[in-house]
Every structure is written in structure tokens, then in C-alpha cells.
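I set out to record what I looked up in this structure, entry by entry.

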Amino acid sequence: MLTQNITSNKALAPVKKALLAIVIVAFGVAGLSPARAQSTGAQIPTLGDTSTMGSSDERRLGDRIAREIYRDPDYLDDPVLAEYVQGVWQPLLAAARARGDLSPELAERFAWEVMLGRDRTVNAFALPGGYLGVHLGLIAVVSNRDELASVLGHELSHVTQRHISRLMAKQGQMAPWMIGAMVLGALAAGKSADAGNALIVGGQAVAAQNQLNFSRDMEREADRVGFGIMTEAGFKGQGFVTMFDKLQQASRLTDNGAYPYLRSHPLTTERIADMQARQGLAAPGPVKATLTLEHALVAARARVLSNADVDALRTWQAEAGSAGLSTQAAPRQAGIWYGAALAASQLRDFAQARIDLEHLRGLVTGDASATRLARLLQAEIALRAGDAASAQTALNTILTAAAAPGAVTAQDQASATRRPELLLAAQIALQAGPAGQTDPAGGSATIAAVAVRLQTWVTVHPHDAQAWQLLSSLQGAQHQTLRALRSDAEAQVARLDYAAAVDRFKAAQAFSHQQHSGQGQTNGGASASQAAADHIDESIIDTRQRQVQSLLKEQTLDR
């Protein structure tokens, strides 16, 4: 379980940073201590055994930590990268349930959210309450979904086996709120000189770390359970071996901080041999990982978005112009052209971005997943250039291909829109504005249609903050102020910022009262159906305001 270097929360006070330097990775330097969670002769404990922290308490602690991560500028909700990670994460969750590793109680009570951090280091982390995080650096270094599944499966097993709560139970003198504060400080310490200097606290740091580090038994258990989960989910167990081989090679190099995963999960010959043995009839020893075309594009995106420095973006463009590019394998070439196009877009050199895209198209022909990613990038570049019409044309191409027979997946055929397409459609509609096709009422028919699709999406995915925020903007563009305020409030709820959400709900209630008092006169000529719809919206807002107010009180008491 890893937290080191995930974020640089500048909002945290120096005192809180110093507190969390006491356990520079309270939940992150896992495996360095040989301390055992159980007596030497004990068997691997059953789920939750020896834990005195209830699942609800653990979830609240995780919520507190996650709330700070959501506020951090390094937190990233990129629809393309998030969808790719979810494509690995959701099958792992389903397999854990099917195997009985994930109990119904934990499945219901925990968040099971994956957060992306804009960080180039190779790392991942698990937090109390079922929150997991992934650095973009990890996505950039793995070669395929199988390797990513090996890391996420391992981290998932730390949560399902209640390793976090069992470790906290060992330190009975440390209150949960203190642990939460310490973890938040560790999250900030990665890029904070003040927090780093606070390590001179010394003795307390060692004591706390020895209490909270994962034991070697827990690491082996996470390997064993994680391997079973990933293979049950349909991923190749070879991904565990190739990932271990990749980390082993990195461990032979001078530690420059780029692989904090190695410090958190130090490799041992026993762990490597165990994973190789689980391959059954597979050839022993290191196995070469195959870089897939789809992952090459995703990895390139992760590299570019993890470092927005102008020099780094220009380096990507220079790499695309190197003489030896044509001699590399097709996935490598495609990744370089994708990265060059995205980097050119970030530099607002849209003419060069389109040239790079043409090179990319020739390499992804015949691969439906990679072609879709290239078209999404085309639409994204056009949108950034302010060309909403071209962006819509590129998006329509994707939707047409997805809806056609023989589409990428059966899910695509059932629903031609996935999250990246849906959020992109909302951004395009907002950029086009009223200039687009209009309905009889004088509004934008495109905006209205996308708003309906987004409303359906958030009904099924109520924790999607970005979708709620875009829905609020679409509703505002249609002069649906009450609904826009409610959607904005729900976006704050999804980010666990209950105070901000209550403020928005109260603003919606005040607006509603103003309408009824006749001051706004916005609904003076409203139809009976519109009045009924407004009444429903008002009832929902009142109910949600009371619910979130209750959550805010609980959140305040936990501080």
C-alpha cells in the first residue's frame, strides 16, 4: 500500500505536514519492517481477524483523506485514463466478490474508488475505506493491462484482507483521527521541503512506522490473493511475473526516487519465485512483456499529462522527429506520435498536432480500441483549438463506429456513448452554445439532448463529480437555474465537500423561495407541467439538503 509522493497538498498547514512526517509513509512504506501481524506459527488470518476498527469507522477515515486528495491540484480526473484504469479495476472487484475475498459488507460500505495522481513516479496506494490511487508514472511504465492488474490486484487484496485496519488495531494508543492527519501529512511530504525536514522528529517516526507497516506475511498474502483475483478476472498471471521482473531490474539501478513502489514493496527472491511457480507450465525465469497498441497510447497520454512543463512537451515533439523512429515497433511509434500530438495541442500548436495525428492514424488502422483513442484525441485537439464543428464531426465518427455491428464490445453496441465521449459531447455543446441547432423554445437542441444523456449517466453514477459539474453548466445554459444549482451541489457531494454542497443547496432553496414570492417572475407564465417539474426539483433539493447537512455534521465531529 503506497502513499509516498502521490500529491502535494499545498493547503495543508505546516503543523499537519510535520505530524504526518512522523509516519512518512504510515500506510506507504509497506513491507520494510519484518514485524509480523500474527504470532510466528499462526496461519494467514481470515478476513478482518484481529481488527478492532469497524468498517464504517474505516470508511469515514478514508473519506477524510480522500477529501483532501480531491482538493489537491495534482488530482486528475482524465476521462480517457480513468476509463482505462476502470477497465482493469472493475473486473478485479467482480472477481474478488465471486471468489469470496470481498465480503458483501465491505462491498457495500467501502468506496472502491480509484483516484489518479499527476505524478511521474512509479507508485500506487491504498487508503482506509476502499480508496485506491494510481500515479500516472505507473500507467506509463507498465506494458499492458495484465501488469497493471497485478499491481491493482495486490493493492485490492490489502483492502479486502483488512490489512489496514489490522495494522491500526496494533497501535491502540493512536486515535483514528491522528492516523488520518498523519496520512494527509505524508501525502504532502513528497514535494514539501518543510515536511521532509520534519523527519528529524525521529524516534516517534520509527515507532509509528513499526506499528503501521505491512508485515512480510501481509505482503505474501496480498501477492497470493491478488494473483488469484487477477487470473479469475481474466487477466494473464504472467503480468505478475513481468511486473516483478521490471521492478527487479529497476531495483538494480541507483534509487533516484522514481520507483517509490520498490521502497514500499521491496522485492524478495521468495516473492518472485512464488509468482513464477504460480505460472504452472509457463517457462521459468523472466518473461518479456508485450506492449499492446492500446496501452502504448494510454501510456503516452499518462506521460504527457504528468508533466506539463514546456521543455518536456517539446521533448515529445523532438522524439517524433528522431531519425530512428521508423525502426521501432508499431506500438512504440504510435505511442510517440500520440504523445507528440497531445504535447503540440498543450502548446497550442494545432497545425503540428494535426500533422502528428495523420502519422498516428496510419499506425492504428485495424485496431478498434487504438483507433477510438486516436479519434478521441482528434476531437479533443479540435475542441481545444475552438473548432467545435470539427470536434463534433470526430466525435460522430466514434459514435457511428461504436453503434455499428461488430463494434468494440457488446456494451458499445448497446450504448454508443461511454464516459469520455459523453463528457466530450458536453464540452462541445457548451463551446458551440446557442449557435448550434435550436429548438422551438429558442434554446439549443444539442445542449438539451446532451443534458438528458448526462442526467441519465449521473443517475447511474452519482459519484461522478465531473459529470455533475458539466450537467450544471448545460442546465445553466438552458436557464434552468434551480437544476443547475442542484447539480453543482451534487458535484461537491461527490468530492466529499459537504460544506460547499450545503451552501449550493441553500442557494437553490433561496432561489426557489424568490420565485414563489414573485420577485424573480421567472415562472410567471410557466405551464402546469413545468410547475410540476419545478415542484419535484424543489422536493429533491430539500431532501438532499437535509441528507448532506447530516453528513456534514458527522464530518465535523470526525475532525
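I note at the outset that the model is predicted.

Entry on the helix pair. I looked up helix α15 (residues 293–306) and helix α19 (residues 368–384), which pack with their axes 7 Å apart at an angle of about 30°. Angles under 35 degrees count as roughly parallel, so α15 is roughly parallel to α19. From α15, I listed Leu293, Glu294, Leu297, Val298 and Arg301 as the residues making the contact; from α19, Ser369, Ala370, Leu373, Leu377 and Glu380.

Entry on the sheet. I traced an open sheet of four strands, ordered β1-β2-β4-β3, with mixed pairing. Its edge strands, β1 (75–76) and β3 (124–127), each pair on one side only. I followed β3 to β4 (residues 131–135) and found antiparallel pairing over four bridges. Leucine 127 has tyrosine 131 of β4 as its bridge partner. I also recorded that helix α3 (residues 79–99) lies across β2 (113–117) and β4, and that α3 runs at about 140° to β2.

Entry on the loop residue. Is aspartate 119 buried or exposed? I located aspartate 119 in the loop between β2 and β3. Its relative accessible area is 5%, and the cut-off for buried is under 20%, so aspartate 119 is buried. I noted a polar contact of 2.7 Å between the side chains of aspartate 119 and threonine 121.

Note on methods. Residues numbered from 1 in each chain as written. Predicted model: local features only at pLDDT ≥ 70, side-chain atom pairs only at ≥ 80, totals over all residues. Heavy atoms only, no water. Pairing = 2+ DSSP bridges. Helix = DSSP H or I, 4+ residues; strand = E, 2+ residues; numbered from the N terminus. Contact = heavy atoms within 4.5 Å. Axes fitted to C-alpha atoms, helices over the stretch in contact; angles between N-to-C directions. Buried < 20%, exposed > 50% of the residue type's maximum accessible area, 1.4 Å probe, protein only. Polar contact = N/O pair within 3.5 Å; in protein donor to acceptor, adjacent residues only side chain to side chain. Parallel < 35°, antiparallel > 145°, perpendicular 65-115°, else oblique.
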